[in-house]
Amino acid sequence: MDWKLEVVVVPVADVGRAKAFYEEQAGFTVDHDTRLRDGVRVVQLTPPGSPCSIVVGSGVIESPPGSVKGLQLVVADIEKAHAELTARGVAVSPVQHFEAGARVNGRGEAWNSFVFFNDPDGNGWAVQEAPAA
């Protein structure tokens, strides 16, 4: 039996601000924006090409805004991803890799080139370059 991760809930303080960031700056697709009842709004967004989505909303999760760290996306070209995020106004780190557990500027070997950014609430994302198949 396959077990597939479908949705990750990301806690935010301002749903409209988060939706705008993920749609306009991070380039995610808005799958739906639904108000279920007073105080409950669910916005599902999906990164381009991803089978897994995120949900931001109100009345959805009790975790404090900005408490999710280590969300990770994988791309074929880290420089292109960096350029796209920068062009969209995301405060993104330079391309970095890990040496002896520390982040160092510049590309690394296969599977070891990243950029990092936070959403407006401080939820932390890594973008990793995956080697060509």
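Two strands are taken to pair if DSSP finds at least two bridges between them, and helices (H or I, at least four residues) and strands (E, at least two) are DSSP runs numbered from the N terminus. The views below show a predicted model, in which local features need pLDDT of at least 70 and side-chain atom pairs count only at pLDDT 80 or more, while totals for chains, interfaces and linings use all residues. Residues are numbered from 1 along each chain as its sequence is written, and side-chain values use heavy atoms, with hydrogens and water left out.

**View 1. The hairpin of strands S2 and S3.** Strand S2 (residues 29–37) runs antiparallel to strand S3 (residues 40–46), and the two pair over seven bridges. Two residues lie between the strands of the hairpin, and Gly-39 in the turn has a positive phi of about 85°.

**View 2. The largest pocket and its lining.** A pocket is here an open set of points on a 1 Å grid over the protein atoms alone, where a 1.4 Å probe fits and protein lies on both sides within 12 Å along at least five of seven lines; lining residues have an atom within 4 Å of a point. The volume of the largest pocket is about 380 Å³, a volume being the space filled by probe spheres set on the points, with grid points joined across faces, edges and corners. Of the 17 residues that line the pocket, Pro-48, Leu-73, Val-74, Val-75 and Ala-81 lie nearest its centre. Strand S5 (71–75) and helix H2 (78–87) each supply at least two lining residues, and H2 gives the most, with four. By residue class, the lining holds 12 nonpolar, two polar and three charged residues, where Ala, Val, Leu, Ile, Met, Phe, Trp, Tyr, Cys and Pro count as nonpolar, Asp, Glu, Lys and Arg as charged, and the others, Gly among them, as polar.

**View 3. The aromatic cluster that includes Phe-117.** Rings of Phe, Tyr and Trp (its six-membered ring) pair if their centres lie within 6.5 Å, and planes under 30 degrees apart count as stacked, over 60 as edge-to-face and the rest as tilted. Nine aromatic pairs are found in a search of the whole structure. In one of them, the ring centres of Phe-21 and Phe-117 are 6.2 Å apart with planes at 50°, so this pair is tilted. Because Phe-21 lies in helix H1 (residues 15–25) and Phe-117 in strand S8 (residues 114–118), the pair ties together parts that are 96 residues apart in sequence. Phe-117 also pairs with Trp-125, and that pair is stacked because the ring centres are 6.1 Å apart and the planes at 5°. Ring pairs link Phe-21, Tyr-22, Phe-28, Phe-117 and Trp-125 into a cluster. Buried means under 20% relative accessible area, exposed over 50%, and partly exposed in between (1.4 Å probe, protein chains only); Phe-21 is buried at 5%, and Phe-117 is buried at 3%.

**View 4. Positive phi at Ala-100 and Trp-111.** Most residues other than glycine have a negative phi. Ala-100, in the loop between strand S6 (96–99) and strand S7 (102–105), has a positive phi near 50° and is exposed, with 93% relative accessibility. Trp-111, in the loop between S7 and S8, has a positive phi near 70° and is partly exposed, with a relative accessible area of 47%.
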